[in-house]
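Hi everyone, thanks for coming.

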Amino acid sequence: MDKEIVMYTRGGFCTDVIRAHRALQRWRLPYREINIRENSQAHQRCLEWNRNLSMPVIVIARQGEDVPIKPPMPLEPEQSPSDLDRGYLITEPGKKGLQSFLARHGFLVTNHEQGRHETSADYS
């Protein structure tokens, strides 16, 4: 595949990050993690993308790159980035948000007849 999943985190305990880790592992999806506490450029990127440091930030990047394939759609003033699919980036995704984001980018297979993702069991 010419694209990959990159997950930005900041270490420590965060239930949203733990849920995303578990979901990606359960779905057997490879991903690369970047800890923004250890990478000042990544820290600055997350601030620019979201105006805050909400985690995780999950991006679809070209293989070996750290940034979304296309810049994320801008946020409206006062708009929260949480669970908002912004093209090639999603921040603090909920279950349905993460599933549809990954399916749209070809990482999950959707079972249209049953209206659910075949690999999406137990995102909690």
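Predicted model: local features only at pLDDT ≥ 70, side-chain atom pairs only at ≥ 80, totals over all residues.

Residues are numbered from 1 along each chain as its sequence is written, and side-chain values use heavy atoms, with hydrogens and water left out.

Now the overall layout. The protein has three helices and six strands, and by that I mean DSSP runs numbered from the N terminus, H or I of at least four residues for helices and E of at least two for strands. Read from the N terminus, the order is β-α-β-α-β-β-α-β-β. Of the 124 residues, 43% are buried, that is, under 20% relative accessible area with a 1.4 Å probe and protein chains only, where exposed is over 50% and partly exposed lies in between.

On to the sheet. Four strands make an open sheet, ordered E2-E1-E3-E4, with mixed pairing; two strands pair if DSSP finds at least two bridges between them. At the edges stand E2 and E4 (89-91), each with a single partner strand, so one side of each has no neighbour in the sheet. From one strand to the next, the twist averages 25°, using axes fitted as lines to C-alpha atoms and angles from 0 to 180 degrees between N-to-C directions.

Let's look at the pairs. E3 (residues 57-62) and E4 run antiparallel, joined by three bridges. E1 (residues 3-9) and E2 (residues 31-35) run parallel, with five bridges between them. Between E1 and E2 the chain passes through helix H1 (residues 15-26) in a right-handed β-α-β crossover: with the strands pointing away from the viewer, the path from the first strand over the helix to the second runs clockwise.

Finally, helix H2 (residues 40-50). Its buried residues are Ala42, Arg45, Cys46, Trp49 and Asn50. Down the axis of H2 they fall within an arc of 105°, so they line one face; the arc is that of the directions from the helix axis to the C-beta atoms. These buried residues pack against E1, E2, E3 and E4, with contact meaning heavy atoms within 4.5 Å. Turned away from the buried side of H2 are the exposed residues Ser40, Gln41 and Glu48.
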